[in-house]
Every structure is written in structure tokens, then in C-alpha cells.
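Please keep the viewer open and follow the points in order.

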Amino acid sequence: MTQDQSNRRTGFFFGIVAYLVWGVLPLYFKLLTMVPPIEIVANRIIWSLIFLALLVTLWRRWGAIRAAFSSGRILLILFTTAALIATNWLVYVWAVVNGHVLETSLGYYLNPLFNVLLGVVLLKERLSRAQVGAVLLAASGVAVLAWGAASGLWISLSLAFSFGLYGFIRKVAPVDALEGLSVETALLAPASLFYLLWAHQGPVGLAAFGAPTTFLLVLGGAVTAFPLLLFNAAAKRLPYSTLGFLQYIAPSLQFLLAVLAFGEPFTPVHAICFGAIWAALAIFAFEGLRLGRAHAKAAAPEILEPCP
């Protein structure tokens, strides 16, 4: 197995695990409906920073963190990605807490299409005819769902744009996953801490929600950082168009949770979209496997016939 093939397999595994975690994340936020969304996000940032600081210490990466802070270019890039991910978190948490999980599902269905567009247009990644057909089929399904869920479309578009652009910038940024996420949360932490202290009138008030809720908020650090680290690591190892289609795992799980667990209405529009997207996924996966085998065959050394 070549180094490139090994990297792709590792990236594929990281991507699947990240999206599985994100797919069931609404269950976690539904336990925090008594906490205002902006406070949930502020706590996510603070506790993520503490969790990441422990990882940086364990893996001895403080030198890379200092190097990132000393580079104005890298700091500007990470300030941009920090603003994008904070926007994504706030919109997502607000939507889940207020019963709009279907809209979040639509947003993350749109997101892979946005990623494919970025990969093809900006990174010059090429798609086969079958993959182009899969993209068009998925786009038609999402368009049907967008038409049938217009009232919450701002949620979906905000999530697709913010996370799609975040992932693209992080893919091309010259910084590793752990260091980049650590700097992002460090940039967001002062404003988050200031808001929490202001909202609760000082440090003592931060424990106002009681032990169980406080524990869940603290757990949010690991819940936030773990899949993002995996996602950023996957983005470094996979073509962005492939990563884009892996992202259908999370919205599919969110869609099922919205309908089966949270009782949000399932309409014929949703059925059409769901069918189109999974058909596109099947086409894309089959075509990716075919192209992978063809690439491996072409790269194999030629077997010479023995001389007579």
C-alpha cells in the first residue's frame, strides 16, 4: 500500500467517525434546552479550550501553537475560520434547541454540494460523468426539500455556507488540526468568558444551572473538539469532493432523529429528497470504488514476460 493510499484510508475512517458523532449530536443538545443557545456555545468554546490545552500538553505541541500565534498570516486565517465555526455553532444550537432539526439536516445536505463546488472550481478536482450525475441527482433532491421547507431555509443556508467555507479554508491553511483548532478556540475564548461572567454576574453565578447541567456543559468541550479534530485531519488526507459526500452521514442521522425521536413532520417532499440523496450516494460510492481500483491497477508495476 502506498503512502497516499494509507492517508486516504485513514482520512476516510476519521471522516466517518466525525460525521457519526455529529449525526447524533442533537440528542446531546436536547438535554440542554433550559440553557440559552448563546450560553451553550460560550461554554463549548471555554471547555473546548481546556480540553485542547490538555491534548497539546500531552502531545507536546506548544511550540507549534506559539509558531501559529507568531505568524500574522496564519493568525488572520484562523481568526476567519474561528468566526465561521462560531457562527455555525450558534445557528446549529439555536435550531436544535428550538425544534428545527429538519432544517439543520437540510443545511448539512446542502453542505456537501457546496464542498464539491469548492473542490471542483477552486482546487481543480475532477469528477467523472457518473459522479457529476450523482451530484446533479443529489442537488435536485435538496432543491425539492428546499422548496418544501422555505420558512427555515435561512438556517440551512447559514449552516451550509459557514461550515463549507470553514472546511475549505482549513484544508488549505498551513496548520495541523490540533494546533489550528486550539488557536481558533483561544481567539474565541475571551469574548465567551466575558459573556458568561456578564450573564451570570460573576464567577459564582456560572454554576447556576445545577450539577447535572453543569456536567453536560463541561462535557461539551470534548463533544465539540473530538469530531472537529477528526474532521480537520480527514480534510488534510482526502479530496474535498470525497469529504463532501461523507458529510451526508450526519444529516441522514439528524433527519431520522428529527422524524423518529423528536416528532417533526415527515412529508412527501422529505421522502423525495431522502431517496434522491441516498441514490446519489450509492452512485458516488460505486464510482469512487471503481476509479480507485482502476488507479491502483494503473499504478501497479508491469509484469514482464520471461525471456525465451
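In which hand does helix 8 pass helix 10?

1. The crossing of helix 8 past helix 10 is right-handed. (A crossing is left-handed if the near helix is turned anticlockwise from the far one by less than a right angle, and right-handed if clockwise.) Helices here are DSSP runs of H or I, at least four residues long, numbered from the N terminus.

2. A word on the source. This is a predicted model, in which local features need pLDDT of at least 70 and side-chain atom pairs count only at pLDDT 80 or more, while totals for chains, interfaces and linings use all residues. Residues are numbered from 1 along each chain as its sequence is written, and side-chain values use heavy atoms, with hydrogens and water left out.

3. Now the geometry of that pair. Helix 8 covers residues 153–172 and helix 10 covers residues 211–237. They pack at an angle of about 60 degrees, and their axes are 9 Å apart. That angle makes helix 8 oblique to helix 10. (Axes are lines fitted to C-alpha atoms, for helices over the stretch in contact, and angles run from 0 to 180 degrees between N-to-C directions. Under 35 degrees counts as roughly parallel, over 145 as roughly antiparallel, 65 to 115 as roughly perpendicular, and the rest as oblique.)

4. Which residues of helix 8 and helix 10 make the contact? Helix 8 brings F163, Y166, G167, R170 and K171. Helix 10 brings L228, F231, N232, A235 and K236. Contact means heavy atoms within 4.5 Å. By class, this contact of helix 8 with helix 10 has 5 nonpolar, 2 polar and 3 charged residues. (Ala, Val, Leu, Ile, Met, Phe, Trp, Tyr, Cys and Pro count as nonpolar; Asp, Glu, Lys and Arg as charged; the others, Gly among them, as polar.)

5. Next, helix 4 and helix 9. Helix 4 (residues 62–70) packs on helix 9 at an angle of about 60 degrees, with axes 10 Å apart. The two are therefore oblique to each other. Their crossing is right-handed. A64, I65, A68 and F69 of helix 4 meet E179, S182, V183, A186 and L187 of helix 9. The contact of helix 4 with helix 9 divides into 7 nonpolar, 1 polar and 1 charged residues.

6. Turn to the second largest pocket. It holds about 270 Å³ of space. (On a 1 Å grid over the protein atoms alone, a pocket is an open set of points with protein on both sides within 12 Å along at least five of seven lines; a cavity is a set where a 1.4 Å probe fits but cannot get out; lining residues have an atom within 4 Å of a point. Grid points are joined across faces, edges and corners, and a volume is the space filled by probe spheres set on the points.) Of its 13 lining residues, A177, L178, L229, A233 and R237 are the closest to the centre. Helix 10 gives the most to this lining, with 6 residues. The lining has 9 nonpolar, no polar and 4 charged residues.

7. The largest cavity has about 190 Å³ of space. Its lining has 17 residues, with W22, L25, N88, Y108 and F163 nearest the centre. Helix 5 gives the most, with 4 residues.

8. Last, I249 in helix 12. Its C-alpha atom is separated from that of G15 by 9.7 Å, though they are 234 residues apart along the chain.
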